[in-house]
Amino acid sequence: MTQIQNHLDMLFVSPPPNSGAPRAALQTSGISSGDPEAKWSLWLSGNRNDMKNTLSSSAYSGDAKSFTLGGDYRITNDWVVGISISDDSTKLDTSFNQGHVNYDGQTFSAYVGGQINSWLRVSLSGGIADTKAKQSRIDPTLFTTVTGTQNIDRSFIQANAIASTWIDRWNLSAGLGYLHAKDSSKDFTESNGVQRAGQTNNFGQIQLGAKAAYWFDGIMPYVEITYLNDVERELPAVVIGQPSPSDDRDSFRIGVGANVFAKNGWFGGLAANTEQMRSDTRNTSVMLNLGLRF
């Protein structure tokens, strides 16, 4: 969802009113749509997220990598519809059980975005994912390695509204979004014959953010901050007697980046962000995007 939203941010960017240039991607002419009849765009995004949990009963560390290929069609000057497919891989060392878990999955998504007026735009995206988790751990009694493979189905949807205005070459924007996801993990049997029951987890999050960007004739560096509030989530179960995860439902995500728009239809960007104020977890990510209008 972050990769799709970042692409839409670039697609709907608008140079300062006094620059003499129309909106970069979705006008019938402009900076990133050199052909006045350009209606299509293809884009590629790569993301790496480093994560860590320090609570002894659920501690882990590792990284997640995802690559997304997408394309969209301009149905009017102000509206686009698109699809994307992603491949993701997550590798974690789960020190709480002296084990490891590798997640490998594919995600199919669809999205629509539109400019309501000169200062407000909206978007809606959603999709489904199929993931396989290969797990290993040390049996605390026999001190042997136990393995297992679990299948996980996921569905998700996100809605966003973003308002923006120009003050000279500064673009100031504020956004409100809501994300809902549902994970359904299947029953599986470990290598020692122990059966593990699947479960269903629901997650809902409100996102409220602000962003300041500066126009350098085709290059837009920016800083942003987003307040996250988990209005719906389920804490992981821990062994009786072990410390329980903190029910801290809110945090701040701080990010910096820059987007580039070329006159021949190419556009791209680099972004980095970190999430702060979670009691037990740390997340830092870097994302690279590249797209072409034609």
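Mentor: Start with the aromatics: Trp 170, Tyr 214 and Phe 216 make up one aromatic cluster.

Trainee: Before we go on, what kind of model is this?
Mentor: This is a predicted model; local features need pLDDT of at least 70, side-chain atom pairs count only at pLDDT 80 or more, and totals for chains, interfaces and linings use all residues. Residues are numbered from 1 along each chain as its sequence is written, and side-chain values use heavy atoms, with hydrogens and water left out.

Trainee: OK. How many aromatic pairs does the structure hold?
Mentor: Six. Rings of Phe, Tyr and Trp (its six-membered ring) pair if their centres lie within 6.5 Å; planes under 30 degrees apart are stacked, over 60 edge-to-face, and the rest tilted.

Trainee: How are Trp 215 and Phe 261 arranged?
Mentor: Their ring centres are 6.4 Å apart and their planes at 25°, so the pair is stacked. Trp 215 lies in the loop between β10 (200–214) and β11 (219–232), and Phe 261 is in strand β12 (residues 250–261), so the pair ties together parts 46 residues apart in sequence. Helices (H or I, at least four residues) and strands (E, at least two) are DSSP runs, numbered from the N terminus.

Trainee: Are those two buried or exposed?
Mentor: Trp 215 and Phe 261 are both buried. Buried means under 20% relative accessible area, exposed over 50%, partly exposed in between (1.4 Å probe, protein chains only).

Trainee: And what about Tyr 227 and Phe 252?
Mentor: Their ring centres are 5.4 Å apart and the planes at 50°, so that pair is tilted. Tyr 227 in strand β11 and Phe 252 in strand β12 are 25 residues apart, so this too links distant parts of the chain. Tyr 227 is partly exposed at 27% relative accessible area. Phe 252 is partly exposed too, at 30%.

Trainee: Switching to cores. Which residues have the most contacts inside the largest one?
Mentor: Leu 8, Leu 11, Met 220 and Phe 261, in a nonpolar core of 17 residues. Such a core is a set of buried Ala, Val, Leu, Ile, Met, Phe, Trp, Tyr and Cys residues joined through side-chain atoms within 4.5 Å.

Trainee: How many bridges join β2 to β3?
Mentor: 15, between β2 (residues 60–76) and β3 (residues 79–94), which run antiparallel. They form a hairpin with two residues between them. Ser 61 stands opposite Asp 93 in β3.

Trainee: And β3 with β4?
Mentor: Antiparallel again, over 16 bridges, with β4 at residues 99–115. Ser 84 stands opposite Ser 109 in β4. That hairpin has four residues between the strands, and Gln 98 takes a positive phi near 55°.

Trainee: What about β13 and β14?
Mentor: They pair in the antiparallel sense over 10 bridges, β14 being residues 281–293. Thr 274 stands opposite Thr 284 in β14.

How values were computed: Pairing = 2+ DSSP bridges.
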